[in-house]
Every structure is written in structure tokens, then in C-alpha cells.
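I kept a notebook while looking through this structure, and these are my entries. Have the model open beside you as you read.

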Amino acid sequence: MIRRVLSQETARKVSGILEGVVSKKGTAEKAAIPGFRVAGKTGTAKKIDEQTGKYSNRKHVSIFVGFVPVNDPKMVILVAIDEPKGVTYGGLIAGPVFSEVGKWALNNMHVQPDLEVASMDTAREARVDNVPATRSNVVRKPIIEETADTESPGASRIFSGQTIRQVLQKGNSLGLAVVIDGTGKAVMQSPDPGTPLEGITSIRVTFRPAV
């Protein structure tokens with residue numbers, strides 16, 4: 001390292017601003033990754049028309065570049081979509097690609113989700129549904145009865161077929177740390193469905209890509 005380009009304080013402030021881009025009020029909500037703090041910037045650029053030498057009104061490059069997790073970055077991903085059809089905004093076109101690639105990469109790198117972030121998502125949705133998002137006496141009850149779902153044997157009705165985000169939110173509402181294995185939809189869990197939660201602090205859920 002030759003020198004520091006930005007002070008820690010400036011870097012922190014800019015990170016906070018870029019994290020706002022991926023919030024519900026930002027331009028790249030679709031770039032969010034469940035359970036992780038994401039920061040980034042969208043971009044939509046006009047391309048040069050080779051015939052006129054001027055900027056084209058029909059050809060664009062849609063971009064989203066971001067890093068994750070914000071508090072301890074493990075990767076930077078830049079997604080550039082060349083000449084997208086229809087909507088051209090980077091947050092709507094490139095953002096979802098960042099989310100999917102980042103979700104897979106973080107899982108492949110065994111980077112654990114931030115349960116505090118998942119808790120905030122759960123609390124937000126609970127307020128909408130008027131359901132308290134707290135750890136109550138539900139922890140003393142079984143997770144749920146075993147399902148007869150032939151496509152996901154041994155999975156619970158709560159977790160079977162659910163996304164990583166949904167499982168993180170449900171696990172957090174039960175006061176459990178969720179260990180993610182794989183990507184896609186939930187197909188299996190450990191401890192087994194129906195196991196009392198007394199004394200259990202974590203659960204491993206296996207995911208497989210949807211067929």
C-alpha cells in the first residue's frame with residue numbers, strides 16, 4: 001500500500017450512502033441479498049451511435065456495481081448488461097443479477113448471513129402483518145409436524161420449498177441461528193421436523209436449485 005486515498009470516516013460515510021441505494025427507498029432494491037448488508041451504485045449509460053457519432057437514444061449499457069457485506073466486504077461484483085431490451089435502468093436490470101450471483105457466491109464462500117439484518121426484515125414484515133416479531137413461547141413448541149411432500153422428504157412444512165430469505169426470517173422469529181447449505185429452495189433440515197426447540201440454538205437447512 002502506497003497511501004490511503006480516503007479516510008476511514010469518509011469511507012464509512014460513502015458506504016452508508018451506497019447502502020441506501022439498495023434500500024427500499026433506493027434505486028436498486030432488487031440488488032439486495034437476504035441476510036446481508038449490500039452497498040452499491042446503479043448506472044445507465046447511452047452508447048455512441050456508430051452512424052451518427054452521437055449518443056444513441058435506443059442503445060444503453062445498464063450497470064450495477066456493489067460490495068457485500070458492508071461491514072466486512074468479501075467481494076465486489078460489477079454487472080453490466082449491454083443493450084437491454086425494454087426497461088434500461090441499471091437497478092432494475094443489473095441489480096437482480098448482482099443479487100443472484102452474490103447470494104450464490106456468499107454461500108459458496110461459506111459467509112454466514114447477518115441475523116440482525118434478517119431480524120430487521122422480519123420485524124418490518126411483521127409490522128405490516130401486525131404480527132409481533134419477537135422470540136416468544138413458540139420456542140418451547142415443536143417446529144412443526146413432518147410433511148408428506150414427496151419432492152422434499154423430511155423437510156418441514158415451514159421450510160420446505162421456501163427461499164433462503166424466508167427461512168432466515170422464520171428461523172430468526174423462532175430465535176434460531178440458521179446455517180445455510182446450498183442454494184435454491186429448502187429441501188431438508190436438521191434437527192428433523194417435529195423436534196422440540198428446547199435447548200436448540202441453531203438449525204441447518206439444505207437448499208437445492210428448483211427444477
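Predicted model: local features only at pLDDT ≥ 70, side-chain atom pairs only at ≥ 80, totals over all residues.

Entry 1: Is Phe 98 buried or exposed? Its relative accessible area is 0%, so I wrote down "buried", a word that applies under 20%. I then looked up Phe 64, and Phe 64 is buried too, also at 0% relative accessibility.

Next I wanted to know how the two rings sit. A pair of aromatic rings is described by the distance of the centres and the angle of the planes. I found one aromatic pair in the count. The ring centres of Phe 64 and Phe 98 are 5.0 Å apart and their planes stand at 75 degrees, so I noted the pair as edge-to-face.

**Entry 2: charges.** Side chains of opposite charge can pair when their charged atoms come close. How many salt bridges does the structure hold? I have eight in my notes.

I looked up Lys 24 and Glu 29, whose side chains meet in a salt bridge at 3.3 Å, N to O. Lys 24 is exposed, with a relative accessible area of 53%, while Glu 29 is partly exposed at 37%.

Then I turned to a network: salt bridges with shared partners join Glu 9, Arg 12 and Lys 13. Arg 12 meets Glu 9 at 2.6 Å, N to O. For Lys 13 and Glu 9, the closest N and O atoms are 4.0 Å apart.

Where do these residues lie? Arg 12 and Glu 9 are three residues apart in helix H1 (residues 8–21), so about one helical turn separates them. Lys 13 and Glu 9 are four residues apart in helix H1, again about one turn. Glu 9 itself is partly exposed, with 40% relative accessible area.

**Entry 3: a nonpolar patch.** Which residues form a nonpolar patch on the surface? I listed Val 87, Tyr 89 and Leu 92, which together have about 310 Å² of accessible area. I followed up Val 87 and found its place in the loop between strand S3 (75–82) and helix H2 (90–93). Val 87 has a relative accessible area of 43%, so my note for Val 87 says "partly exposed".

How values were computed: Residues numbered from 1 in each chain as written. Heavy atoms only, no water. Patch = residues over 30% accessible without salt bridge, like charges linked within 9 Å, V, L, I, M, F, W, Y side chains within 5 Å. Areas by Shrake-Rupley, 256 points an atom, 1.4 Å probe, with all protein chains shown as cover. Helix = DSSP H or I, 4+ residues; strand = E, 2+ residues; numbered from the N terminus. Buried < 20%, exposed > 50% of the residue type's maximum accessible area, 1.4 Å probe, protein only. Phe/Tyr/Trp six-rings, centres within 6.5 Å; stacked < 30°, edge-to-face > 60°.
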